[in-house]
Amino acid sequence: MSATPQETRSTCPYCGVGCGVIIETQAGAITGVRGDPEHPANFGRLCTKGSTLHLTASAAVTRQTRLLQPLQRLQRRGPTQPLAWDTALDLAADRLSGIVQAHGPDALGFYLSGQLLTEDYYVFNKLAKGLLGTNNLDTNSRLCMSSAVAGYKATLGADAPPASYADFDHADCLFIAGSNAAWAHPIAFRRIEDAKRARPGMKIVVVDPRRTDTVELADLHLAIQPGTDVMLFHGMLHIMLREGWTKPAYIAAHTSGFEALQAVVRDVAPEHAAQVCGISVQDLYEAARLFATSSSTLSLYCQGLNQSSSGTAKNAALINLHLATGQIGRPGAAPFSLTGQPNAMGGREVGGLSNLLSAHRDMANPEHRAEVAAHWGVAQVPGTPGKSAVEMFEAAADGQIKALWIACTNPAQSMPDQATVRRALQRAEFVVLQEAFASTATAEFADLLLPATTWGEKMGTVTNSERRISRVRAALPPAGEARHDWAIGVQLARRLEARLRPGQTTLFPYATDNPLAGVEAIWCEHRESTRGRDLDITGLSYERLDRQGPQQWPLPEGAPSGKVRLYEDGRFPTPDGRARFHATAYRPVAEARDERFPFSLTTGRLRDQWHGMSRTGTLGHLFGHVAEPTVQLHPDDLVRHQWKDGDLVTVQSRRGSIVLPVQASTDIGLKQAYIAMHWGAEFLSGCSATGEALAGVNALMPSAFCPGSKQPELKHAAVRISRAELPWRLVAMAWFPEDQALTVRERLKPLMAAFAFSACVPFGPAGAPDATRPARTGVLFRAAAPEAPPPELLVQIEALLGLRDTDSLRYIDAQRGQRRTVRIEPRDEDTRVTGLLLGGDTRAEVWLKTLLQEDLPAAAYGRLLLSPGAEAPVAVVSQGRTVCSCLGVSDLAIETALAHCQGRDEDRLGHLQAALKCGTNCGSCVPELKRMVRLIKPVTG
């Protein structure tokens with residue numbers, strides 16, 4: 001451990017933009033992180049999540065949340081006990097080989113992650129499909145990008161995004177469909193903002209049922225009904241044909257199948273398309289005109305198209321527009337799929353889906369299977385596609401798959417139809433979880449837990465959305481007994497070889513005792529598999545990546561550099577060299593609204609959170625922008641049902657239900673609902689009337705999937721919403737030292753099922769960072785029930801929150817189910833509220849929470865801190881909700897500043913940023929600032 005500060009170049013582990021980071025370390029600890037100014041994906045910028053990465057790797061977070069040694073459960077859902085690595089791997093090999101010998105290799109299922117590195121992916125792909133002989137290997141990229149894969153292959157012939165981020169600077173029309181890039185890909189969105197600022201004449205069209213922060217930059221917003229994208233694109237093509245805006249010469253020279261597509265769209269009259277989509281004919285016409293007649297049109301799209309039972313058709317229908325108008329193969333002109341995870345692209349490159357093989361080879365192609373088998377040194381690779389993610393868990397629930405090996409992902413949070421997923425995890429004979437964090441929902445179901453390395457410790461490569469390969473470098477050795485994911489795979493594979501093919505030369509000759517040499521050997525083997533393929537990287541090496549920095553593929557041997565954009569010559573990787581139009585008629589969502597389920601539920605991301613929040617959810621600071629789970633509805637729907645903000649409602653689909661507060665939002669349409677995708681059982685839970693634990697938002701979502709991509713429809717479910725009759729309420733919250741708060745939250749989680757509704761989240765200090773305040777994190781526990789719970793349960797919650805000491809004020813009325821406890825601590829010649837519990841009447845939360853979270857003096861209140869009611873005995877002024885997480889600037893501060901700021905909107909934004917500094921660090925809040933500038937008019941007179 002060097003006492004001298006060190007710096008290590010690596011990448012950010014969040015979205016597929018692939019930002020470069022510089023990790024700062026000293027004395028064996030990560031002390032800071034900043035954007036890498038030389039990385040071509042971000043040029044030094046980081047979002048709110050990336051800029052706080054070092055905090056998620058602190059010693060306090062590591063001790064409280066990381067899985068640091070192998071653990072075993074002797075009975076399902078029972079306590080864990082530690083065991084040695086050799087014992088753990090021997091146990092795993094014995095169980096897996098025994099199942100293979102008894103039931104065949106297809107009784108195993110491997111479920112991996114787009115957050116693994118390419119080398120990790122490669123080893124497990126080879127282990128399952130080469131050594132064991134099963135194609136039952138899929139990943140959470142199936143939930144993320146498989147429709148993009150299928151769409152590219154169906155039209156352009158290969159899974160190869162043809163554009164680069166540099167094309168933002170060349171596009172005259174940017175067509176964003178099904179992507180809230182402002183929140184999901186914030187650094188890419190910063191580059192889009194730059195491009196718009198440099199060329200104000202660039203037009204931006206955004207297609208999204210919600211008015212997201214991305215829409216703030218748009219010239220045209222098409223707020224279509226959920227799932228109607230194919231109808232929209234067909235309607236646009238109908239108009240293009242009628243107006244003569246297509247490019248017949250390009251179509252004739254470089255494509256096939258246009259006549260069949262014409263036959264499909266001929267009957268899609270603009271009036272009908274507009275009616276189905278819920279937009280005006282004028283807006284439909286304008287979108288078609290901008291797309292077709294701009295000198296260069298770049299489309300950006302993500303989960304709104306992908307996570308659909310028509311995902312392949314949506315992707316292909318958009319690409320059809322590019323081919324029909326010749327908007328491809330030129331600067332600023334291409335269909336550009338934004339990758340959802342940091343290495344979903346790398347996983348696709350090595351064949352990390354159940355229907356793919358290495359280097360974009362197709363499993364159905366006998367020649368491709370033979371090439372892979374020869375490369376791996378095995379007799380054959382099975383030709384039958386394996387189970388996709390949904391199919392794998394359905395097969396396990398039905399008893400067909402006996403063992404599940406899960407690596408670096410959390411299916412008990414992220415998969416749709418959680419009832420089936422949990423039944424699968426319970427029925428499988430053997431569940432292994434290879435994971436960095438011990439706190440995920442899936443960890444509760446594992447028989448064997450194996451600690452893996454994570455960001456700051458891993459080494460290998462990743463590929464981002466623009467086909468750019470970056471080195472991932474370790475700044476620290478593995479925490480505790482954690483091992484690299486690829487090394488765990490290699491050590492398991494060798495044990496399986498000893499049991500299933502004894503005496504034969506190993507297929508996994510990679511040095512696990514020399515990680516850098518081992519991981520490079522894996523990458524070189526992967527590199528050779530790409531020779532002559534569309535993604536040929538035989539001209540790359542670790543040494544070249546170290547010397548020249550991140551590189552784009554293809555980069556074959558002898559090439560001076562990779563390709564910035566593809567298909568510039570009009571040649572496509574299909575048998576005849578032509579792109580193919582995809583003629584598929586519009587199909588509605590898998591579940592249409594009806595009288596029983598009259599709301600359309602959609603899901604999406606929060607600005608400052610990531611996936612299941614196993615990492616971002618460790619920082620109370622990142623809950624400042626959105627503190628707790630809610631379901632958003634249009635204000636008119638609240639009025640119609642006589643609900644108000646904060647009322648608890650039950651959201652029920654055909655598969656399950658959850659309870660959570662309702663929030664009015666004009667961002668969505670009538671009869672639509674929105675819940676952030678992150679809220680799983682780790683943060684949002686409760687117990688149904690039948691005694692079943694509630695499993696978060698994805699308990700509502702359907703497992704219906706696209707027949708082409710097998711990606712499930714995580715973006716839409718038909719639901720009904722009703723008032724939750726839960727009159728007894730509880731809110732409890734307290735500050736803790738940073739090395740205790742997450743442990744307290746973990747101890748509170750088992751109590752969530754004691755209530756019909758419960759949420760348990762961390763929180764951070766309000767306002768700007770202040771070095772004079774104690775370093776601490778808060779924990780908030782919110783619950784509701786039909787009646788007051790047993791007093792013993794509330795005493796237990798008080799004890800966990802440190803509210804049982806002599807510094808706590810207390811009021812109890814057991815007969816009326818009322819309980820109020822407030823902990824105070826002396827500081828700075830005054831006192832501060834540092835903990836509270838309100839049971840029954842919780843109206844005082846509105847001012848007590850402000851005193852606590854904003855660290856306000858409280859001596860003047862005395863025992864009045866126990867007063868009921870929403871009106872504070874002494875006036876309390878809240879700072880408001882955090883908008884700028886970096887600098888702690890609140891909405892109320894911004895509203896006050898804008899009220900006194902005159903001029904054009906652009907000038908007012910500049911004055912606001914100069915005065916409060918909001919949006920001047922990472923920039924993630926800039927779209928919200930623009931919205932506030934637009935809505936908040938200056939005071940006159």
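**Fold, sheet pairing and aromatic contacts in a predicted model**

In β26, the bridge partner of Val651 is Ile658. The model is a predicted one, in which local features need pLDDT of at least 70 and side-chain atom pairs count only at pLDDT 80 or more, while totals for chains, interfaces and linings use all residues. Residues are numbered from 1 along each chain as its sequence is written, and side-chain values use heavy atoms, with hydrogens and water left out.

The strand β25 (residues 648–652) is joined to β26 by five bridges, and these two strands run antiparallel. Together, β25 and β26 form a hairpin with four residues between them. Strand β26 (residues 657–664) is also joined to β24 by three bridges, here in a parallel arrangement. Within β26, Ala664 stands opposite Leu633. Strands are treated as paired if DSSP finds at least two bridges between them. Helices (H or I, at least four residues) and strands (E, at least two) are DSSP runs, numbered from the N terminus.

On this assignment, the protein chain comes to 29 helices and 37 strands. Its C-alpha atoms fill a box of roughly 80 × 75 × 60 Å, taken along the principal axes. The radius of gyration of the protein chain is 27 Å, which agrees with the value near 30 Å that a compact globule of 941 residues would have. This radius is taken over C-alpha atoms, and the globule rule is 2.2 Å times the number of residues to the power 0.38. Of the 941 residues, 64% count as buried, where buried means under 20% relative accessible area, exposed over 50%, and partly exposed in between (1.4 Å probe, protein chains only). Among contacts in the protein chain with a separation of 6 or more, 72% are accounted for by residues 24 or more positions apart; contact means heavy atoms within 4.5 Å.

An open sheet of five strands has the order β10-β9-β8-β12-β13, with parallel pairing. Its edge strands are β10 (220–222) and β13 (334–337), each of which pairs on one side only. Neighbouring strands of this sheet are turned by 15° against each other on average, direction ignored. Within the sheet, strand β8 (residues 173–177) and strand β12 (residues 297–301) run parallel and are joined by five bridges; Phe175 has Ser299 in β12 as its bridge partner. Helix α8 (residues 229–243) lies across β8, β9 (203–207) and β10, and runs at about 150° to β8. For these angles, axes are lines fitted to C-alpha atoms, for helices over the stretch in contact, and values run from 0 to 180 degrees between N-to-C directions.

The structure holds 21 aromatic pairs. One of them is formed by Phe623 and Trp679, which are tilted, with 6.5 Å centre to centre and 50° between the planes. This pair links distant parts of the chain, 56 residues apart: Phe623 is in the loop between β23 (599–604) and β24 (631–633), and Trp679 in the loop between β27 (672–676) and β28 (684–685). Both Phe623 and Trp679 are buried. Elsewhere, Phe110, Phe124 and Trp405 form one aromatic cluster. Rings of Phe, Tyr and Trp (its six-membered ring) pair if their centres lie within 6.5 Å; planes under 30 degrees apart count as stacked, over 60 as edge-to-face and the rest as tilted.

Charged side chains are also placed over aromatic rings. Lys126 lies over the face of Phe508, at 5.3 Å from the ring centre, and Arg471 over the face of Tyr542, at 4.2 Å from the ring centre. The criterion requires NZ of Lys or CZ of Arg within 6 Å of the ring centre and within 35 degrees of the ring normal.

Backbone geometry was examined at several loop positions. A cis peptide bond, with omega about 0°, joins Trp553 and Pro554; Pro554 is in the loop between β21 (551–552) and β22 (579–580). Asp417 has a positive phi of about 50° although it is not a glycine. The loop between α18 (411–414) and α19 (418–427) holds Asp417, which counts as buried because its relative accessibility is 11%. Asp855, likewise not a glycine, has a positive phi of about 55° and lies in the loop between α26 (845–853) and β36 (882–884). Asp855 counts as buried at 11% relative accessibility.

Thr25 is placed in strand β2 (residues 20–26) and, at 7% relative accessibility, counts as buried. Leaving aside neighbours within four places in sequence, Thr25 is in contact with Thr4, Pro5, Gln6, Ile30, Thr31, Ala475 and Leu476.
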